[in-house]
Structures are given as structure tokens and as C-alpha cells.
Number of protein chains: 2
Amino acid sequence: MEFRQLHYFLAVVEAGSVSAASRRVHVAQPALTRQIRLLEEDLETRLFDRHARGMQLTVAGRALVEEARELLDHRARIKSRLYALGSGLSGKLSLGITVTHLWVPQVAGLLSDYRQCYPGVAFEVFPLLSGPQLERLRDRRLDAGVLYLDSDAQPGLETRLLHCDHLILAVPEASQWSDSPPTRLADLEDAGIVWGFRQASPVYYDRMLAHFQRHAFTPRVIQYGADNIAILSMVAAGLGVAIVPAASSWHPMPGIRFLRLPELDDCDMPLWFAWRSGNDSPALANLIALVDEGSPPRG
Amino acid sequence: MEFRQLHYFLAVVEAGSVSAASRRVHVAQPALTRQIRLLEEDLETRLFDRHARGMQLTVAGRALVEEARELLDHRARIKSRLYALGSGLSGKLSLGITVTHLWVPQVAGLLSDYRQCYPGVAFEVFPLLSGPQLERLRDRRLDAGVLYLDSDAQPGLETRLLHCDHLILAVPEASQWSDSPPTRLADLEDAGIVWGFRQASPVYYDRMLAHFQRHAFTPRVIQYGADNIAILSMVAAGLGVAIVPAASSWHPMPGIRFLRLPELDDCDMPLWFAWRSGNDSPALANLIALVDEGSPPRG
DNA sequence: TATCTGCGATACTATTTCGGCATTGCTAGT
DNA sequence: ACTAGCAATGCCGAAATAGTATCGCAGATA
């Protein structure tokens with residue numbers, strides 16, 4: 001039983017005779033006759049009653065009409081499904097992202113562009129800090145991540161620079177810092193600082209700390225927050241000031257004033273798009289293509 | 001996408017490499033390589049990542065594994081289903097039968113043999129009198145019937161003689177007829193007779209009446225019954241006597257005594273097995289074969 | 001580092017399958 | 001009796017498929 005035979009069979013059934021079918025399918029009548037006979041021999045069942053005036057379906061033939069249509073349909077469905085999977089029009093894609101950077105228009109635009117271009121892809125976005133993202137990229141729970149890295153050369157990962165962030169000072173709107181803004185890091189020596197845990201994002205933490213050491217600034221930590229949102233909430237509550245990624249200031253937050261400082265602008269915090277090398281998912285390839293398209297490529 | 005290609009594809013997947021698969025399916029390795037490539041070209045999708053050490057499935061390839069198995073399975077199911085339909089091992093068969101003759105061991109044996117030999121056939125038996133059977137055979141609501149016919153040559157029907165029935169007298173157990181049995185039809189001249197409607201089974205009716213006329217017997221009808229069961233019930237109730245097919249006496253009925261009369265034995269009531277000529281149902285052919293096997297063939 | 005081994009890819013040849021053409025045989029309608 | 005339309009058959013060329021020999025490549029081995 002071959003697809004060609006089923007196709008010819010349906011043509012004969014629909015045309016009512018081999019001759020009529022041969023005109024419709026543009027195949028000579030003897031070829032059709034033979035394929036029908038081969039099909040019957042394969043099935044060990046007569047499908048037509050031959051008559052000098054056309055052919056008539058047998059009981060088995062009538063059953064095959066439906067089955068053949070289903071089978072050919074099934075094939076067509078598989079074909080289109082595989083094409084969609086292979087070209088990344090459908091499939092599954094898991095992306096990790098640091099919540100803070102959903103606020104960066106470039107990143108948000110990337111995600112919404114992807115959703116719009118490939119609506120057939122089950123695109124899951126997981127808000128995760130850099131450390132967990134790295135772990136999940138390695139054990140394949142994530143296909144890609146938007147995160148901080150200590151270097152662009154990660155073993156087993158490929159990367160693209162997405163955005164170069166900096167730091168910014170967040171102060172309570174109702175505080176002395178809001179009224180008389182500091183201009184240098186040294187002005188913050190006496191300030192109570194809301195700080196993060198190193199464990200959550202060691203790369204970010206170490207980078208920031210190294211920068212402060214270069215400027216001989218030692219923060220006086222009075223409070224810890226688990227993530228950026230928690231930290232900013234505490235700032236809004238007046239518990240202290242915080243030094244956070246500049247991306248945080250893209251969206252206004254009630255009770256908080258963001259203040260730029262030259263020394264914080266100086267601190268490059270590169271944000272990377274990364275994926276496991278060898279991940280051949282076409283859906284991922286399309287996302288990478290969008291990344292490369294949005295910003296000129298880089299190692 | 002051809003079945004052969006799917007088969008080879010699964011072999012490669014299961015064997016882990018083209019070479020291993022070629023040993024398993026007894027096809028040279030280049031042939032497999034080529035068919036896999038053709039499959040990929042047809043689907044416009046790469047299915048494997050080629051490596052010097054074997055091949056690895058892509059995302060689309062992984063999806064095709066399941067689909068290909070389903071498709072090949074589907075084909076196998078169709079094949080076996082069609083074979084069963086074509087050989088009459090499955091399918092549907094509607095048989096009409098006069099209720100009275102379910103009591104004839106030959107007929108009952110035929111039905112139970114068929115059920116036992118072909119349990120896969122949806123075998124429906126409709127209790128119908130001869131007239132309705134004939135009508136339903138013609139309009140295809142019945143595939144075959146066990147009935148009375150006025151001749152073995154029926155236009156559009158083929159027939160086999162199943163059983164040659166006769167007539168018998170049924171009298172109430174508690175009556176003068178039971179005590180002093182009649183020996184000739186003439187003895188029944190004064191008897192009240194429970195009679196049937198001609199319309200229900202005209203062949204039977206006319207044949208019986210012609211027989212009576214040959215013996216110059218005129219029944220004194222005092223009651224009509226719609227079918228044999230109704231007639232016998234009325235006899236059992238003592239309303240009168242009845243002349244019924246001898247088959248009725250195969251099973252005892254409370255309140256009724258069956259009496260043979262030479263003049264009733266003389267009346268041949270041939271019971272026919274009949275089907276529409278041109279009905280090519282294999283399930284029917286098997287039933288016909290059983291009929292021919294049970295009793296030597298006849299026109 | 002040189003060699004070996006097992007893999008997939010390629011080029012070429014042989015075989016099988018398939019389609020087209022011409023023809024025949026058959027039956028229903030005229 | 002004749003014709004028209006159908007399926008079946010035989011034969012030939014074309015296309016698809018499989019087989020053989022060989023190559024290039026990468027990982028394992030010494």
C-alpha cells in the first residue's frame with residue numbers, strides 16, 4: 001500500500017472510472033489500472049467490481065475510501081507540522097530573564113517581536129536571576145537566557161551582547177537625598193544602603209563591588225533584599241537608598257526618585273543573551289536571528 | 001514522504017546510525033542515506049544532525065518518530081481491516097427470517113454456525129414475514145432472507161432451497177379435537193378455524209388455499225391472527241383450531257396439541273434462502289457458502 | 001603523533017518499478 | 001449488427017531505487 005496507490009484509488013473512485021480518473025490525474029489509464037491492481041494484490045482484497053461500463057466499489061473498497069482519505073490527510077498534517085517545527089514556526093521555547101530587564105525597551109521589544117512573528121511557538125518566559133538561569137541553561141531546562149555574565153566566553157554557551165546597562169541611585173522621594181541630590185559616591189558614605197545577596201547574582205554583585213573599590217567607596221549596608229523589586233520597595237518605604245541597574249528607572253515607581261551619578265554611569269553592566277551551544281532548536285534560531293537583527297552582531 | 005522512507009527513518013532512529021540500520025533492514029547503507037535525504041528534502045526539514053560518529057535527531061526528527069510510527073500503524077490497521085472486510089470476517093449482515101422457522105433445527109443451526117464461524121460480523125436477524133422480507137431484500141435493507149417464495153426463479157434474487165416444510169393441525173389440548181383426532185380435512189368442515197391475513201404472507205396463503213381447493217376443503221374461519229404466534233396463542237386459548245407450518249411443532253407449546261394429517265403432509269411449503277443478485281458482500285458470500293455446505297446445492 | 005576504526009557521503013552501475021503507447025476484448029446502447 | 005466507451009494486456013522507454021566501491025572525517029588507540 002503506497003500513498004500513490006491510495007491517491008490513484010481515490011481519483012478512480014471520485015471520477016467513477018479509470019478512464020475518467022486518468023484524464024483528471026494526467027496519468028495514462030493503463031498505469032492507473034495497474035496501480036489499482038497492485039493495491040488490490042497488496043491488500044489481498046478486491047476493491048472494485050469490474051464492469052464493461054466503469055467499475056463499482058466493493059464493500060472493502062467503500063471502507064478504503066474513508067481510510068485512504070484519512071491516511072493522506074494524516075500525511076499532509078505531519079508534513080505541515082514538521083515543516084513548522086523545522087522552521088521554528090511552532091515548537092517550544094523557554095527563556096529566562098532577569099525581571100529588572102523586562103523594563104528595558106530593547107528587551108521587551110525583542111520578546112514582543114518574537115511573539116508577534118512566531119505566534120505558533122509556545123514561548124515561556126521565566127523570571128530568574130542570573131545564577132539560576134545559568135544552571136538551567138546547562139541542564140536544558142532553559143533554551144535561552146537574558147542575564148549577567150562575567151565574560152562573553154562561556155564554556156558550552158554562546159552569547160550576544162543585548163544591552164549595556166549602568167548603575168543608578170534610587171532614593172526615597174521623601175528624604176534628604178531627594179531634596180539635595182548627591183553628586184559623587186563619596187557623598188553616600190554615611191547613607192544607609194539597601195543591598196542584595198551575592199548568591200542571587202554573583203556576577204552583578206562582584207562587578208559592582210569591584211567598581212566601588214576602584215572608587216574607594218564602601219557602602220554602609222543596613223538592609224538586604226532578595227531581588228531588585230524587594231530592594232526598591234524598601235527604598236520606597238524610606239528604609240534607605242539603593243544602587244540598582246539603570247534599567248530599573250525605565251518605568252516610574254511611586255515613592256522613588258532615580259538619580260544619575262557619573263561614577264555610576266561609568267560602571268558598565270553588560271546584559272547578555274545566551275544559549276547552550278549545540279541547541280539546534282529552530283525556534284531558538286529564530287530568536288537568535290531577532291537578537292542579531294536588533295543589534296549588530298558581536299562575539 | 002513514502003512509507004518506505006518512514007520505515008527506513010525509524011530503522012535509523014532505532015539503530016542509532018545509518019550503518020547499523022543498514023545491517024538491520026538488509027539494505028545497503030548508501031540507499032538508506034539517500035532515502036533519508038530524500039525524506040528531508042520532501043519535508044523541507046532536516047531530521048538529523050550529521051556527526052562523524054552517528055547521527056542525532058533534530059527537533060523535527062524527534063517529532064517525526066512518533067508520527068511515523070502512527071502512520072505505519074495506521075496503514076497496518078487499514079490493511080488488516082480491509083482484509084477482514086474483503087474476506088467476510090468482519091462487516092455487517094442483515095438477515096430476515098420468518099419467526100416460525102427459527103424453530104427448524106436446520107435453520108437455527110445455520111445461524112449459530114455462522115455466528116460461531118464469523119464472530120466479527122455484525123449479524124442482525126430480523127423476524128419478518130415473507131412479504132416484508134421480499135420488499136426489504138429489493139430495497140437493500142436486508143442482505144438475505146429465509147422466506148416463502150412462489151417460485152425459485154425470482155427476478156433480481158438468487159435462491160437456495162433451505163427446507164421443505166408441510167402443514168400441521170394445531171388444536172387446543174382441552175377440546176374434542178384433542179380427544180378424538182380428525183384423520184381427514186373433511187373432518188374439519190365444522191371446525192372453527194383461526195386464520196391468517198393473506199397480506200402478511202401471500203405466497204404461503206395462496207399455496208395453502210390452492211391445496212385446500214384441490215381437496216375440496218373450505219375452512220370455516222372464525223378468527224384472524226396477525227402472525228403464527230398470535231394464531232397459536234388463540235388456539236391455546238381454545239378459540240379454535242389452526243393449520244400452521246409443521247415447523248411450529250418443533251418446540252412444544254403449552255395448551256396446544258399438534259396433529260399430523262396425510263392431506264396436510266402432502267402440502268409442500270418450500271422454505272427458501274434468498275438474496276439480491278449482485279450483492280457482493282463477502283459476509284453474505286460466507287453465509288451462502290454455509291447454506292450450500294449444509295444442504296446439497298440447487299438452482 | 002601516526003594509525004586505525006567506524007561513520008556518513010558520493011559516484012557510478014545494475015535492477016526494479018513505473019508510466020506511456022498501441023492494441024485487444026468486452027458490453028451496453030443504438 | 002454496429003458503435004462507443006470501458007478495462008485489461010503487452011511492449012518499450014524513463015525514472016526511481018538498490019548495490020558496489022570509494023572517499024573524507026573524527027574520535028579512539030598505540
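I start with A:L43, which sits in helix α3 of chain A. Helices here are DSSP runs of H or I with at least four residues, strands are runs of E with at least two, and both are numbered from the N terminus. Before going on, two notes on the source. This is a predicted model, in which local features need pLDDT of at least 70 and side-chain atom pairs count only at pLDDT 80 or more, while totals for chains, interfaces and linings use all residues. Residues are numbered from 1 along each chain as its sequence is written, and chains are lettered from A and ligands numbered from 1 in the order in which they are written.

Is A:L43 buried or exposed? A:L43 is buried, because 22 other C-beta atoms lie within 10 Å. The cut-offs are 20 or more such atoms within 10 Å for buried, 12 or fewer for exposed, and partly exposed in between, with C-beta atoms placed from the backbone. Leaving aside neighbours within four places in sequence, A:L43 is in contact with A:M1, B:K79, B:L82 and B:Y83. Contact means that the C-beta atoms, placed from the backbone, lie within 7 Å.

Now the two chains together. In total, 28 residues of chain B are in contact with 28 residues of chain A. On the chain B side, helix α4 (residues 59-86) gives the most, with 15 residues. By class, that side has 13 nonpolar, six polar and nine charged residues. Nonpolar covers Ala, Val, Leu, Ile, Met, Phe, Trp, Tyr, Cys and Pro; charged covers Asp, Glu, Lys and Arg; the others, Gly among them, are polar.

How is chain B laid on chain A? A turn of 179° and a shift of 0.1 Å along the axis do it, with an RMSD of 0.3 Å. That is the relation of a two-fold axis. The same surface serves both copies, as 100% of the contact residues of chain B recur in chain A. The superposition is by least squares on the C-alpha atoms of residues with pLDDT of at least 70 in both copies.

Helix α4 of chain B also holds B:V65. B:V65 is partly exposed, because 16 other C-beta atoms lie within 10 Å. Not counting residues up to four places away in sequence, B:V65 touches B:L10 and B:V13. B:L10 is 55 residues from B:V65 along the chain, yet their C-alpha atoms are separated by 6.6 Å.

Next, the DNA. The most comes from α3(A), with four residues. By class, the surface has 11 nonpolar, six polar and five charged residues.

Last, a loop residue. A:H26 lies between α2 (18-25) and α3 of chain A. Its phi is near 60°, a positive value in a residue other than glycine. A:H26 is exposed, with 6 other C-beta atoms within 10 Å.

Conventions:
Two residues are in contact if their C-beta atoms, placed from the backbone, lie within 7 Å.
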